[in-house]
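Visitor: I would like to learn how to read a protein model with some care. Could you take me through one, feature by feature?

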Amino acid sequence: MQAEHSHVENSQPVRLEVATATFADVRAAFGAGLRDMLNRPMLSLFFGLVYALFGAGLIAGLTVFDQVWMVIAVAVGFPLVAPFLAAGLYDMSRRMERGESFRAADVFGVIFNQQRRQFGWMSFVVLFVFWMWAYQVRIVLAVTMHYSRYGSLEQFLEALFTTGSGVTFLLIGTVIGAVISTVLFSITVISMPLLLDKEIDIVTAMINSVKTVLKSPAVMLCWGALIGALSLIAIAPAFIGVIVVFPVLGHASWHLYRRLITET
C-alpha cells in the first residue's frame, strides 16, 4: 500500500471538472446500465448473485444466532455497501465503453488489484459507516425497546408496527439512518467509480463526490432515493430481485459518473 501512496503522490495531479446533473442524465445512465447488463448478462448476473447470497447469508446468520433485532438494520443498511461490491461492474462498463473485448478473469483481476490501490482504503470507509449504522440501531433499540428478546422475525416485526416503543424506534432510526445514508451516499456515489478509473487519493475522490451532490442536490438525492427504493424492493422477495437490480444499478452508476466527471 505504501508503494501505491508513492505512486499517487509522484504522478501528475488529476484535474477534474464536475458537471451539473440533470434528470436526463439519470435516465440516460439507467438506460445505459440496463444495456450493459443485457450485453454481458451472465457475468453481470453473477455479481448480482454474489451480492444476493451475501445478503441472504447475513440475514440467515443473524436469525440463527438469535440477533433478530439486527435484521431490519442490515436489510435497510445493505444497499450502503453496494458501491464497494460493484467494482467489477464498473470495470465491465468501462471496458464496454472503450469497445474492449474481455473475459471474466480480466474483471476479477481488476477487482483483486484494487486492494493495492486507494479503492481499498475507500472500502474501509464504507464498512466503517455501515458499522456506525448498525451501532446506532443498537443504541436506539436499547433506549426505545429495552433490548426485548424476540423468538422470531415475525414477533419482532409485530412489535415494531403494533407497539408505541416499536413505532418510536422506527421514527428515530429512520431519521438517524437518513442522515448516515445521505452522508455515505454523498462521499461514495462518484468516488467509488472515480477511484477505479483514476489514480487519485481517496480524499480527492470524496471531495469531488460531495461536490457533485452539492452542485445538483435534487437530482443526486433523487438518484440515491431511487437506488434505495429499488434495493429494498429487490430484497423483499428473499433477495431474488437483487440478482438483477444490483448489476443494473452498478452499471448505471458508472455511466452517471462518466457523464458528470471530466478530466481537464
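Predicted model: local features only at pLDDT ≥ 70, side-chain atom pairs only at ≥ 80, totals over all residues.

Guide: Residues are numbered from 1 along each chain as its sequence is written, and side-chain values use heavy atoms, with hydrogens and water left out.

Visitor: How many helices and strands are there in the protein?

Guide: Helices (H or I, at least four residues) and strands (E, at least two) are DSSP runs, numbered from the N terminus. The protein has 14 helices and two strands.

Visitor: How should I read the packing of α2 with α13?

Guide: Two packed helices are described by the angle between their axes and the distance between the axes. Axes are lines fitted to C-alpha atoms, for helices over the stretch in contact, and angles run from 0 to 180 degrees between N-to-C directions. Here the axes of α2 (residues 23-39) and α13 (residues 217-235) come within 9 Å and cross at roughly 35 degrees. Taking part in the contact (heavy atoms within 4.5 Å) are F23, V26 and F30 from α2, together with A218, V219, C222, W223 and L230 from α13.

Visitor: Is N208 buried or exposed?

Guide: Buried means under 20% relative accessible area, exposed over 50%, and partly exposed in between (1.4 Å probe, protein chains only). N208 counts as buried because its relative accessibility is 7%. This residue lies in helix α12 (residues 202-215), and its side chain reaches the backbone oxygen of T204 at 2.8 Å. Leaving aside residues up to four places away in sequence, N208 touches L16, V18 and L194.

Visitor: Why does I227 count as buried?

Guide: I227 is buried because its relative accessible area is 19%. I227 lies in helix α13, and, not counting residues up to four places away in sequence, I227 touches F185 and L249. The C-alpha atoms of I227 and F246, which are 19 residues apart along the chain, are separated by 9.2 Å.

Visitor: What share of the residues of the protein count as buried?

Guide: Of the 264 residues of the protein, 47% count as buried.

Note on methods. Polar contact = N/O pair within 3.5 Å; in protein donor to acceptor, adjacent residues only side chain to side chain.
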